Amino acid sequence: MITAIVMIKADVDRIPEVAEEIAEVEGVSEVYSVTGDVDLIALVRVRRHDELAEVIPGRVNKIPGVRSSDTHIAFNAYSQHDLEAAFSLGI
């Protein structure tokens with residue numbers, strides 16, 4: 001599974017609608033409204049790299065109200081949940 005973290009700048013007056021539309025895109029697992037330099041962060045999870053092109057520039061960036069995006073590809077996932085599960089199995 002390939003995970004991409006997509007930082008999205010959106011029209012301020014349409015952030016909730018843009019977020020809901022992005023969340024409906026196949027391949028988008030989560031969308032968060034955030035503070036800072038961007039308005040939304042979307043997590044995209046796909047099986048193949050070429051699917052990223054279909055999801056991000058092909059669908060997400062074409063949603064009305066999306067001004068720009070910056071995509072980061074995850075190499076490894078680290079979470080407290082994963083660590084706790086590993087230790088409970090005796091690893």
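Let me begin with a definition: a residue is called buried when its relative accessible area is under 20%, exposed when over 50%, and partly exposed in between. In this predicted model, buried residues by that rule make up 31% of the 91 residues in the chain. The accessible surface of the chain comes to about 6200 Å², and 53% of that area belongs to carbon and sulfur atoms.

As for the overall layout, the chain holds three helices and four strands, and, read from the N terminus on, the elements follow the order β-α-β-β-α-β-α. If we take the contacts between residues at least 6 apart in sequence, 67% of them join residues at least 24 apart.

Turning to the interior, in soluble globular proteins nonpolar side chains tend to be buried together. Here the largest nonpolar core has 21 residues, and those with the most contacts inside it are Ile8, Ile22, Val28, Leu40, Val44 and Val55. The elements that contribute two or more residues to this core are β1 (2-10), α1 (15-23), β3 (40-46) and α2 (49-55), with β1 giving the most, namely five residues.

Which residues of α1 are buried? They are Ile15, Val18, Ala19 and Ile22, and because they cover an arc of only 100 degrees around the axis, they lie on the same side of α1. The cover over these buried residues includes β1, β2, β3 and β4.

Leucine 40 deserves a moment of its own, with its neighbours up to four places away in sequence set aside: among the residues that leucine 40 touches are Ile15, Val18, Ala19 and Ile22 on one hand, and Val6, Met7, Ile8 and Ala10 on the other, with Val34 also on the list. Valine 34 itself is placed in the loop between β2 (28-33) and β3, and it counts as partly exposed because its relative accessibility is 30%. The C-alpha atoms of valine 34 and isoleucine 8, which are 26 residues apart along the chain, are separated by 9.9 Å.

β2 and β3 pair in the antiparallel sense over five bridges, and serine 33 stands opposite leucine 40 in β3. The hairpin has six residues between the strands, and glycine 36 takes a positive phi near 115 degrees there.

Now to the charged side chains, where the count comes to three salt bridges. In one of them, glutamate 30 meets arginine 45 at 3.3 Å, N to O; this pair links distant parts of the chain, since glutamate 30 is in strand β2 and arginine 45 is in strand β3, 15 residues apart. Glutamate 30 is partly exposed, with a relative accessible area of 27%, and arginine 45 counts as partly exposed at 34%.

What does arginine 48 form with glutamate 51? It forms a salt bridge in which the closest N and O atoms are 3.7 Å apart, while the side chains of aspartate 50 and arginine 48 meet in a salt bridge at 3.1 Å, N to O. Aspartate 50 is partly exposed at 42%, and arginine 48 is partly exposed at 44%.

I will end with threonine 71, which sits in strand β4 (residues 66-73) and counts as partly exposed at 33% relative accessibility. Leaving aside neighbours within four places in sequence, threonine 71 is in contact with Ala4, Ile5, Val6 and Ile56. Threonine 71 and isoleucine 56 are 15 residues apart in sequence and 8.4 Å apart in space, C-alpha to C-alpha.

Key:
Residues numbered from 1 in each chain as written. Predicted model: local features only at pLDDT ≥ 70, side-chain atom pairs only at ≥ 80, totals over all residues. Heavy atoms only, no water. Core = buried A, V, L, I, M, F, W, Y, C linked by side-chain atoms within 4.5 Å. Buried < 20%, exposed > 50% of the residue type's maximum accessible area, 1.4 Å probe, protein only. Contact = heavy atoms within 4.5 Å. Pairing = 2+ DSSP bridges. Areas by Shrake-Rupley, 256 points an atom, 1.4 Å probe, with all protein chains shown as cover. Arc of directions from axis to C-beta. Salt bridge = Lys/Arg side-chain N within 4 Å of Asp/Glu carboxyl O.
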